[in-house]
Amino acid sequence: MAHAKDDKPKHINIQNRRARFEYAFLVNYTAGIVLKGTEIKSIRVGSVQLGDGFCVFHPDGSLWAHNITIAQYTEGTYNNHEPIRPRKLLLNKRELKQLAGKNQEQGLTIVPVRLFVSDRGFAKLEIALAKGKKLYDKRDDLKAKDQKREMDRARDY
């Protein structure tokens with residue numbers, strides 16, 4: 001489907017809200033993602049789930065994203081892609097070394113935070129080095145969110 005010159009494509013911004021609730025983010029990185037065939041078309045439609053995703057280093061030093069579901073493209077043929085498969089992430093060597101060093105620490109993990117399409121049309125995955133929140137941290141976040149909502153309501157009236 002071709003876009004007319006005056007027709008602006010919609011911005012793709014798929015958030016992992018569950019990760020924001022479950023983890024405290026320490027450092028964020030933006031990584032390219034290696035896709036096959038019809039995956040970019042499914043991303044542009046918005047058929048992506050990041051909820052169960054995580055990132056792992058392979059023995060060769062590359063970073064891979066697992067459990068990210070990109071639904072099959074509805075218009076795809078027999079060449080359609082697999083919905084769940086490991087996908088290689090593209091970072092420069094300095095960033096990979098930093099992440100590998102920090103990832104060895106106890107209790108830290110790398111989670112996908114957001115999937116978006118850049119201005120040039122490339123799919124990008126924002127990942128974060130994260131530490132799991134305790135139950136009381138989650139309660140504090142919910143309490144602060146409720147208080148902010150109440151303040152906004154009071155200001156509106």
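Predicted model: local features only at pLDDT ≥ 70, side-chain atom pairs only at ≥ 80, totals over all residues.
Residues are numbered from 1 along each chain as its sequence is written, and side-chain values use heavy atoms, with hydrogens and water left out.

Along the principal axes, the C-alpha atoms fill a box of roughly 50 × 50 × 25 Å. Of the 157 residues, 32% are buried, that is, under 20% relative accessible area with a 1.4 Å probe and protein chains only. Where contacts (heavy atoms within 4.5 Å) link residues at least 6 apart in sequence, 64% of them join residues at least 24 apart.

Glu 39 lies in helix H2, which spans residues 39–45, and because its relative accessibility is 0%, Glu 39 counts as buried. The side chain of Glu 39 forms a polar contact of 2.9 Å with that of Arg 87, the term denoting a pair of N or O atoms within 3.5 Å, of which, within protein, one must be able to donate a hydrogen and the other to accept it, while residues adjacent in sequence count only if both atoms are side-chain atoms. When residues up to four places away in sequence are set aside, Glu 39 touches Val 34, Ile 70, His 81, Glu 82, Arg 85 and Arg 87.

Conventions: Buried < 20%, exposed > 50% of the residue type's maximum accessible area, 1.4 Å probe, protein only. Helix = DSSP H or I, 4+ residues; strand = E, 2+ residues; numbered from the N terminus.
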